[in-house]
Amino acid sequence: MSQHVVHTRFPGRIVMVGFGSIGRGILPLILRHVGVAAQQICIITADDSGRAEAAEFGVEYLVRPLERSNYREVLEPRLSKGDFLLNLSVDVSSVALIELCRERGALYLDTCIEPWPGGYTDPGISLARRTNYALREEALKLRSPRGRAPTAVLTHGANPGLVSHLLKQALINIAGDTGVAAAEPRSREDWARLAMQVGVKVVHIAERDTQVTNVPKRMNEFVNTWSVDGFVSEGSQPAELGWGSHEHSFPPDGNRFDFGPRCAIYLNRPGAATRVRTWTPRAGHFHGFLITHGESISIADYFTVGQAGEVTYRPTVHYAYHPCNAAVTSVHELAGRNWVMQESKRILNEDIIGGIDELGVLLAGHRKNAYWYGSQLSIEEARRLAPHNSATSLQVTIAALAGMIYAMEHPDLGVVEPDELDYRRILQICMPYLGPVVGAYSDWTPLHQRERLFKEDLDTSDPWQFRNIRVV
């Protein structure tokens, strides 16, 4: 497919809330792939840092931080029936914006579900209510009981988002390679039963970012290849994971939810202080952070056979993230500061001199042991494919664009999650921007080389127990 094809034409206005690295990376893609003029786009953001990039494309730029007290005043005059609100902000309530879009008849997409400030860290709010699980439940309550409503796509970036579609393709691939005869799944129940039939016990969103900069990290500086505020906020939340039906033991610091579908658990520790073992084809085996992410919950829920209390099958699902080395050092420094943010922050882009972002899904426990499927996008190819993008940002921006196009093509779906969209259409839009997209089988397990070093308390009856995967 041509990288300059116009996928759809959009007659309405597009309001972008937030204009950090993802906003700056998606703007040229919108203008390339959506039939829309620059004059139809308005950026509303909290500071002046992106004005030059907006001016490059002739797009209106308004510095106006959105708060509880003013978001309606700012947005209502700019949103009418058939318009689109693209939410790429932090500290602006997703639920509030979705409700406003529904009232105005506008479409909506975000890359994560955000609360108002304090929603992640307020000590007056219980840990259970500061989780992505709780935020998801709040957003899903907005599903219209009357049926049709303007489409609002939740959590559709790289992950959450793209990985849900990679997972479905990976399941199809494994089924074909292991002789599992199955028709193309047509429903949520079909997909869950296929995963059970294939024998998937574990799904890791396994990511290794090897991009490096020629400007070393300084003391009291947080460096990352995407939003520092976004990473710090989610890394400071409790670690969360979808909890599988095959698990033999429960984490000593684990907690169950007493509301919602009960498809996930959380730990009494930040995700950025929790590590897990995982594997990708280029990096091999490594330790990643168990950062809370919406896909850990939505995938576990979507691929459940049975109901809460009577679950026949569910995989354990979680993010296993090794960011670039400068970000790892930044996280260690942040932890040493008792999770108080550093004085300065920097998002790597033009100063990246090499490396890739290897992002995909690792499906394990089946007949062929483990299978990783995903993108191995290099910084060089990302720059060739789209301006103002790194390898990390392009995996996010093209997936967010694909979700926008899907919403424009299906404007009355109401509130939907990535798992509910047609994976073939999303991948069709994304594939030209993902670099090498590969599938690789491996004989690696989390028991690899463990017994020769220390006498660890391992569950050797099943290597794919979370007890074996977690680093303690």
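Select glutamine 449 in the loop between β25 (437-442) and α14 (466-469). This is a predicted model. Check the backbone here: glutamine 449 has a positive phi of about 65°, although it is not a glycine. Glutamine 449 is partly exposed, at 39% relative accessibility.

Now pick asparagine 220. Asparagine 220 sits in the loop between β10 (212-213) and β11 (221-224). Here too phi is positive, about 55°, in a residue that is not a glycine. Asparagine 220 counts as partly exposed, with 30% relative accessibility.

One more backbone stop. Go to the loop between β8 and α6 (162-177), where proline 160 lies. Display the peptide bond from asparagine 159 to proline 160. That bond is cis, with omega near 0°.

**The open sheet**

Select β5, β4, β2, β6, β7, β8 and β24, in that order. These seven strands form an open sheet, and their pairing is parallel. Which strands are at the edges? They are β5 (60-63) and β24 (415-416), each pairing on one side only.

Zoom in on one pair. Strand β2 (residues 14-17) runs parallel to strand β4 (residues 41-45), and four bridges join the two. Find isoleucine 14; opposite, in β4, stands isoleucine 41.

**Leucine 86**

Stay with the sheet and select leucine 86, in strand β6. Is leucine 86 buried or exposed? Leucine 86 is buried, with a relative accessible area of 0%. Show what surrounds the residue. Beyond its neighbours within four places in sequence, leucine 86 contacts Val15, Met16, Val17, Ile26, Ile30, Leu109 and Met404.

Move to β12 (238-242). Five of its five residues are buried, so the strand is largely enclosed by the rest of the structure. Look at the faces in turn. Pro238, Glu240 and Gly242 are on one side, and Ala239 and Leu241 are on the other; all are buried, and both faces are covered. In a regular strand the side chains alternate between the two faces of the sheet.

Bring in strand β14 (residues 264-270). It runs antiparallel to β12, with four bridges between them. Glutamate 240 has tyrosine 266 in β14 as its bridge partner.

Next, select serine 245, in the loop between β12 and β13 (254-256). Serine 245 is partly exposed, at a relative accessible area of 38%. Leaving aside neighbours within four places in sequence, serine 245 is in contact with Val311, Thr312, Tyr313 and Arg314. Now draw a line to lysine 217. The residues are 28 apart along the chain, and their C-alpha atoms are separated by 42 Å.

**A hairpin**

Select strand β15 (residues 275-280) and strand β16 (residues 284-289). They run antiparallel and are joined by six bridges. A hairpin of three residues connects β15 to β16. Pick tryptophan 279; histidine 285 in β16 stands opposite.

**Two crossing helices**

Show helix α5 (residues 132-140) with helix α9 (residues 294-302). Their axes come within 9 Å and cross at roughly 65°. The crossing is right-handed. Which residues meet here? From α5, Asn132, Tyr133 and Arg136; from α9, Gly294, Ile297, Ser298 and Asp301. Colour this contact by residue class: two are nonpolar, three polar and two charged.

**Last stop: the cysteines**

Cysteine 324 is buried, with a relative accessible area of 0%.

Finish at cysteine 430, which is in no disulfide either. Its nearest cysteine sulfur belongs to cysteine 112 and is 18 Å away. Cysteine 430 counts as buried, at 0% relative accessibility.

Terms used
Residues are numbered from 1 along each chain as its sequence is written. This is a predicted model: local features need pLDDT of at least 70, side-chain atom pairs count only at pLDDT 80 or more; totals for chains, interfaces and linings use all residues. Side-chain values use heavy atoms; hydrogens and water are left out. Two strands pair if DSSP finds at least two bridges between them. Axes are lines fitted to C-alpha atoms, for helices over the stretch in contact, and angles run from 0 to 180 degrees between N-to-C directions. A crossing is left-handed if the near helix is turned anticlockwise from the far one by less than a right angle, and right-handed if clockwise. Contact means heavy atoms within 4.5 Å. Ala, Val, Leu, Ile, Met, Phe, Trp, Tyr, Cys and Pro count as nonpolar, Asp, Glu, Lys and Arg as charged, and the others, Gly among them, as polar. Buried means under 20% relative accessible area, exposed over 50%, partly exposed in between (1.4 Å probe, protein chains only). A disulfide is a pair of cysteine sulfur atoms within 2.5 Å.
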